[in-house]
Amino acid sequence: MLKLDDCLIKNGNFTLRANIQIEAGTSVAIIGPSGAGKSTLLETIAGFRDLKRGQIFWKHKCVSNLHPGKRPLAMLFQDGNLFPHLTAEQNIALGLRPNGRLSKDEETQVQSALDRVALPGLGGRRPSELSGGQQSRVALARVLVQRREILLLDEPFAALGPALKAEMLDLVADLVAESDTTLLMVSHDPQDARRIAQQTVLVADEIAHPPAVTEQLFENPPPSLREYLG
Amino acid sequence: MKHLLIAAGLLSATSAIAADKSQLTVYTYDSFVSDWGPGPQVKEAFEATCECELNLVGVEDGAALLSRVRLEGENSDADVVLGLDTNLIAAARETGLFAPSSISADFALPIEWKDDTFTPYDWGYFAFVYNADASAPANFKELADSDTKIIIQDPRSSTPGLGLLMWVKAAYGDEAPEIWAGLADNIVTVTKGWSEAYGLFLEGESDMVLSYTTSPAYHLIAEEDASKAAAAFDEGNYLQVEVAAKLAGTDQPELADQFLEFVVSDAFQQIIPTTNWMYPAVTPAAGLPEGFETLTVPENSLLFSPDEAAAVRDQALAEWQNALSQ
Amino acid sequence: MAERAQPVSPWPGIGAAALVATLILGTLAAVALRAETSSGFSPADWAALKFTLTQSTLSALFSVLLAVPVARALARRRFRGRRALIALLGAPFILPVIVAILGLLQVFGRSGWISDLLGLFGLPPIRIYGLHGVVLAHLFFNLPLATRLVLQAWQEIPAERFRLAAQLGCNGAAMFRLIELPMLLRILPGVLAVVFAICLTSFAVALTLGGGPRATTIELAIYQAFTYDFDLGRAALLSALQLALTAVAAFAALKFSRGDGFGTGLDRAIRRWDGGTPTLDAFWILTAATFLLLPLASVVISGFAGLFEMPAMVFRAALTSIIVAAASTAILLLLALPMAAAVATGRYGIVELSGILGLAASPLVIGTGLFILIRPLANPTTLALPVTALVNAAMALPFALRILVPAARDVVTRHGRLAISLDMGKGTFFARVLLPRMRPQICFAAGLGAALSMGDLGVIALFADPQIATLPLQIYRLMGAYQMQAAAGGALLLLLLSMGAFWLLDRGGRWHAEA
C-alpha cells in the first residue's frame, strides 16, 4: 500500500494537500485541471520535491526521506527519458546497472526487454535514429528491467498520436499486470484513465482527493471534475 | 601530473650526477645564456681551466637579475652575478649581498674604473641607430626640432630605456624636462624591451631606434650588411658598463674569484664582441674583431657614478613620465 | 534533503577551486609576506589604474559588440572553408605578444600595408599609436575569443527553437528578439567580464600601441615595483587590486548572466529559415576575416624565410613546448571539469569566481610567489617545466570554464532527474553522461588550453634554465640576439603548432559546427 500521510507540498504560492492510500498492484490515474499539481504530486512521490509536512509510506515503510534513486519506483517524465548519446541497449542497461557493466545474464535480460517491447534488433540505435513511439518503447523496456514496485508516468506519451498513445498505454497495462506493479499516471484525457486505470485520483482545489473507482467517478463527477470535463 | 613529477625527478637526478665536481653558479641575464649569446663558449672555456662545473642561470635582464638576488637574499644559490650595470650598482651595493674581490686589469674603458666589488666585463655607448643612407641629427635638440621618428624603450622595464633617461639627465640636468617635451612628438612609441623596439625599427616603423653604437657591428659582421649606422651626439653618448661581482654568501669564494679573474682574461674577453655585441672591458691581445673599427665612436662619453645615478633616478623618471604623458 | 539531490558531486570541483585559489592567493601572500617595506600607492599608480580601467572597458565593449554580428553571420551561413575560417580566427588569441605586436604593426603601423596603400594615393599614414591603438590591438586578440564563445552559444540553441520560430513566420528581427536576444543576454555579461579581465593584465601590448607612458597599466606598475623598485609590498598590493577588479567584474557577470539553459533539443545540425540578409552577413565575415587574417598573413610571410634559417635548438624548444602544452592541457581538464560540474549543480558561484581569478593573476606575481614557496624545498630551475605547465593551466582555466559551465549546466538540467531516478552514482553520471554529452565543449576547451599554453611565455622566463627553453622563450632569445629573421621563423612555427594543437583537439569534438 502506498500511503501519503497528511502530506503538504508547498512551492511559492502553490499548495497541495494529500492524505490518500493506494492499494498495491492497482493502476491509478491522476486527473485534474492544468496547474492543479498533478505533476507536482508525482514528483513529490518520486522524491524530486520536499514535503513541507507529512510522510510517505510504501508497505508501511517510510520512504519520504530516501534519495530519489533509492525509492521503490521508476518514473517516466514528459520528455528526456533517454540519454541521446547512448544506444537503446545502453539506455535500457542503465535500468539494471546504473553504475557498472552488465553480466551475461543481464545482457540477456536487456535483449528480452527489447523483444518484449517489440523492438528486436534495434538495440544498437541511438534515440535520434528512432521514432517517437520507438523511443517510448525503449523507455518502457528500461522500466521493465528496473523491476520497481511502483511506476510513475508523467504523461510520457503526450507527444504521440492517439493510436500510438493507446498502443503504448496498452503495453503499459500489460507490463504492469505481468509484474504486479502499482501504476500512477498523470493524464489529461478521461479516455486514458478509463482505458487502463481502475481508480482515479482527482487533483483540484489544492487537494489530492482519495482514489475513486474510475468508472464511477466519471459517471458521477464532483463539481470540480465536471467543470474540468466541460 | 605524475609524468611531470617523474620528469622533474629525472632532471634533478641528472644534475645530481655531476655533483662530485665543484660547482660554480653564475646568475646572468637571459640573452647571455642563450645559444647565440656568450654563455655556451664562456662555459666551455672556463670549464677547460677550472676542474669544475659552471652553471649559468639566465634571468630576464639586469634589473630582474638584481631583484632575483635580493629575493633569494643571503642564502642565494648564486656564487657570482654577472650582468648588472652602473645604474644598478648602488642598489646592489646597498643590499650588502656582494663581497669585494679586488680584481685588477688593464681596463679599456673610456672612463677610469675603481671599484673593488664590481668588475667590468664589457661596455658600450647607447646610441640611436638609423639607416646609413639617411642623415642623423647631431644632438637631442636637433632631434627634437626635426621630424625624425624614434622608438625608445621604457626605463621602468628596460636597461637601454633607463640608459636614455640617464643620458638626457647627464647631458641636460635641470633642462631635461624641456628636452623630453621637445622629443615627445618624435617618439613613435615606447616599448617594454629592446627586442620589440629593434624589431619595429627593422620593420620600418621609425627612422631611429635606441640601441648601442655596436649594433651596426652585428649587421656588418654577422649579416655583411653595412646599411645601419649609429649616431654620435655632440653632448656625448651615455655609457653602459656591465659588471660582475661575487656574492658574500658564496660557498665557493676561491672559485668565484677564479671566475672573475677569468672574466677579465683574454679567453673571456675575446668571446664578448661578436656574441654580446659590446666592447670588451679589456682589449684582447688579438685586438677587436674586423668590422669594429668602422663603428661610430662618440667624442664625449657621459656616465653618472653609481651614487649619482641612484640619486637622480626617481626624479628623472618622474620628469620623463610627466613630459611624455601630456 | 531530496531537493538537494544532485546527479553529480560538487566536492571534487570545490577541491579543485580551492587548489586554484590557493595557487593564486597563496603566491600573492608569499610575495606580500616577503616584502620588507612598502611605499603604498603613488599618484602614478592611480593614473595606471584609471588608464587600465578605461582601456579594458573599451576593449571589452568593442570586442563583444563586434563579436555578435560576426558570430551571427557565421552561425547562419554555410560556405566552403567555414570551418577553417573559424579555426583560423582563433589564431591571434594564441600568438605570443611580441609576435602579435610586430604582425599588427606590419599592417596598421606607420609603414604598414595600409599606410603604404594610403601613400599611393598621396594620403598620410594612419596614426595607430594611442588609446585607439590599444583598443584595436585588444580587439585583434579578443574578438576571435568573443566570437567563438558567442558562436558556441548560438549553436547550442536547439534547432527546434528555430523551427518553431520559422513556423511562426518570424523574420530576422523577430527571430532575434525571440530566440537570440535572450541567449545573448545570458551569455554576453560573462564574455564581457572575460575580455575585460584579459585586457586588465595587458602590459607590452598596451604600452607599445598606446605610444608611451600614458598607456601605463597596472601590470606594468607591478613589473616596475618588482624589478625597478624591488618593492614587493607594492607589487602584491597592485596585484591584489587587479584581482579585486576582476572579482567585481566576474561577480557582476555572474549576477547578470544567471538563467537556465535552453531546454531540450535533440542532436541535429542547425538549419535556419530566417534567411536574413546575405550581403550583411558576408560583410561582417569579410571584415572580421580581413582584420584578423592580415596581421596573421604578415606573420606567415615574414616567418617563411626564417623557417629555413632556424637553428636546431628551435625545434628542440618546440618539442619542449609540445610536452608542456600536453601536460598543461591535462591539468587544465582535471581542474576545469570537476569545477564545471560543481557550478552546474548550482549555488557554487564561488567556484566559478576562483576560476576566473586566473585571468587577473599577474604571471609575475604567481611566478615570483611560486619561486619563493618552492625554493626552500627544491631548486626552482629544475621544476621550471612542471611549474610552467601548472601556471599555464591556471591561466587557461577561466576560458575553459566559460566554455564548459553552460554546457555542464545544460546536461545537469536535461539529464539530472533521469539519472537520479535510475539511482545512477555521481561518478557514473560524470563519466557516462556529463563527459560524453560535453565532448564538443571539452575538446574546444582542451584545444584552446593547449594552444594558449604553447604560445604563452608564462613563468618559464622566471625559472629559466639555459638547457630548457620553450618555443616562445627561444623566440625572445633569438630576437635578443638580433636574429629577427630566425625569430620570425620561430613565430611561424609556433603559430603552426598552436593552430595544429587547437585544430586537432577541437576537431575531436566538432558537432553542430558542420553544415
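Among contacts in chain A between residues at least 6 apart in sequence, 66% join residues at least 24 apart, two residues being in contact if their C-beta atoms, placed from the backbone, lie within 7 Å. The model is predicted, so that local features need pLDDT of at least 70 and side-chain atom pairs count only at pLDDT 80 or more, whereas totals for chains, interfaces and linings use all residues. Residues are numbered from 1 along each chain as its sequence is written, and chains are lettered from A in the order in which they are written.

Of the 230 residues of chain A, 43% count as buried, that is, with 20 or more other C-beta atoms within 10 Å of their own, C-beta atoms being placed from the backbone. The C-alpha atoms of chain A fill a box of roughly 50 × 40 × 30 Å along the principal axes.

In chain C, helix 7 (residues 131–156) packs against helix 9 (residues 172–200) at an angle of about 155 degrees, with the axes 10 Å apart; helices are DSSP runs of H or I of at least four residues, numbered from the N terminus, and axes are lines fitted to C-alpha atoms over the stretch in contact, with angles running from 0 to 180 degrees between N-to-C directions. Helix 7 of chain C and helix 9 of chain C are therefore roughly antiparallel, a term for angles over 145 degrees. Residues making this contact include C:H138 and C:W154 of helix 7 of chain C and C:M183 and C:C199 of helix 9 of chain C.

The contact between chain C and chain A takes 21 residues from chain C and 24 residues from chain A. Helix 17 of chain C gives the most to the side of chain C that touches chain A, with six residues.

Note on methods: Helices (H or I, at least four residues) and strands (E, at least two) are DSSP runs, numbered from the N terminus. Angles under 35 degrees count as roughly parallel, over 145 as roughly antiparallel, 65 to 115 as roughly perpendicular and the rest as oblique. A residue is buried if 20 or more other C-beta atoms lie within 10 Å of its own, exposed if 12 or fewer, and partly exposed in between; C-beta atoms are placed from the backbone.
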